[in-house]
Amino acid sequence: MSTEIVYPPPNLPATRAVQLSQQAPRLLHSSPNKSALPWPLSILTSTETQETWATHENLLVLCIRTGDDRSARQCLERLTERFGETNQRVQALKFLYESAVAEDDKALEGVLKELETALKADDTSLPLRKRKVAILRSMGRTPDAIAALVELLDFSPTDAESWAELSDLYLSQNMHAQAIFSLEELLLITPFAWNVHARMGELLYLSTLAGNASEGNALRGLSESMRRFCRSIELCDNYLRGYYGLKLTTKKLLDTLPTSKPNKQPASASADPQFGDLAPPPLATVQKLHELATAKLAEITRRGAAGEPGWDFDEGELIAARELLDRDVDKAPK
């Protein structure tokens with residue numbers, strides 16, 4: 001059995017997901033049969049392990065992703081027989097399966113009503129509340145999904161996954177300040193998450209480009225975005241997304257800083273709580289960081305394309321990095 005089924009990577013490629021899901025019939029056939037003894041006596045005669053049920057759960061998700069509804073249903077039935085219908089995790093997987101096989105919004109409404117009934121019986125179930133948010137979002141009911149997430153975070157304020165989802169939902173509604181606030185809450189829980197620091201840099205950069213800040217605050221927003229990307233690559237060396245964002249923000253700052261008047265102080269940031277109150281970085285510092293990001297992106301794309309060990313990157317990210325580097329080549333004086 002592949003370890004990727006027991007411990008799947010966070011970003012499993014679609015082709016690999018299909019290959020793993022095709023193993024479902026064989027793995028289900030070879031898995032332990034249901035014991036004739038009642039639980040917990042059944043454990044004494046069972047050959048199951050912790051990996052057995054992790055495999056069933058991950059296979060369920062893989063089969064749903066690849067459209068093998070029959071195998072997904074078998075995994076769900078095995079999990080229900082083992083842990084019972086009232087188990088919170090099993091209930092969440094059940095609604096995941098039912099929402100995946102729903103043919104239209106009417107069917108999804110039926111799943112949502114059934115889920116609401118289950119929540120009335122146990123309104124503290126985080127897996128069910130998260131499944132509710134996912135269903136609402138899939139139906140395009142983003143405001144309702146945001147309200148459901150806010151309610152969830154009221155009684156579980158340290159749930160990092162929910163803060164990340166809430167930030168994404170706010171961003172989809174162009175509510176940049178709320179999206180940034182949600183990520184700030186997330187960073188209080190996971191202060192060393194380099195990908196969250198990079199995401200914060202992206203949101204600050206997007207908010208500045210959207211024209212939601214005054215001239216002084218726009219400069220501060222770009223500066224804070226640059227600092228966030230610097231923190232992400234400080235925490236994770238060779239982080240492509242961090243260096244990509246660093247090159248973008250430093251290029252924007254290089255175009256902005258020289259145009260500001262030397263004797264003119266930037267406008268106060270107190271009117272815009274999205275950005276910090278640190279002074280913009282010196283032009284020489286920005287120039288050095290831009291050169292560093294350019295050199296590092298060139299190294300990453302070169303070694304990543306060559307397939308060197310330890311330099312494995314998503315092909316789409318490598319293509320985007322090459323295109324960003326090519327822009328400087330195209331603009332260079334001839």
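Which residues have the most contacts inside the largest nonpolar core? I found Ile 135 and Leu 166, in a core of 32 residues. I took a nonpolar core as a set of buried Ala, Val, Leu, Ile, Met, Phe, Trp, Tyr and Cys residues joined through side-chain atoms within 4.5 Å. Buried is under 20% relative accessible area, exposed is over 50%, and partly exposed lies in between (1.4 Å probe, protein chains only).

Ground rules, before I forget: this is a predicted model, where local features need pLDDT of at least 70 and side-chain atom pairs count only at pLDDT 80 or more, while totals for chains, interfaces and linings use all residues. Residues are numbered from 1 along each chain as its sequence is written, and side-chain values use heavy atoms, with hydrogens and water left out.

**Whole chain.** I counted 17 helices and zero strands in the protein chain; these are DSSP runs numbered from the N terminus (helices H or I, at least four residues; strands E, at least two). Of its 334 residues, 41% count as buried.

I checked which elements give two or more residues to the 32-residue core: they are α8 (105–121), α9 (126–138), α10 (142–155), α11 (160–172), α12 (176–189) and α13 (194–209). The most comes from α8, with six residues. Leu 166 is in contact (heavy atoms within 4.5 Å) with Ile 146, Leu 149, Val 150, Leu 153 and Ser 182, leaving aside neighbours within four places in sequence. A second, separate core has 25 residues, including Tyr 205, Met 226, Leu 246 and Leu 254.

**Ala 179.** I found this one in helix α12. Ala 179 counts as buried because its relative accessible area is 0%. Not counting residues up to four places away in sequence, Ala 179 touches Ser 167, Tyr 170, Leu 171 and Leu 203. Leu 169 is 10 residues from Ala 179 in sequence, and their C-alpha atoms are 7.7 Å apart.

**α15 against α16.** I looked up the axes of α15 (residues 240–256) and α16 (residues 283–305): they come within 8 Å and cross at roughly 145 degrees. Axes here are lines fitted to C-alpha atoms, for helices over the stretch in contact, with angles from 0 to 180 degrees between N-to-C directions. The residues that meet include Leu 246 and Leu 254 in α15, and Leu 289 and Ile 300 in α16. I noted that the residues of this contact divide into 13 nonpolar, four polar and three charged. My classes were Ala, Val, Leu, Ile, Met, Phe, Trp, Tyr, Cys and Pro as nonpolar, Asp, Glu, Lys and Arg as charged, and the others, Gly among them, as polar.
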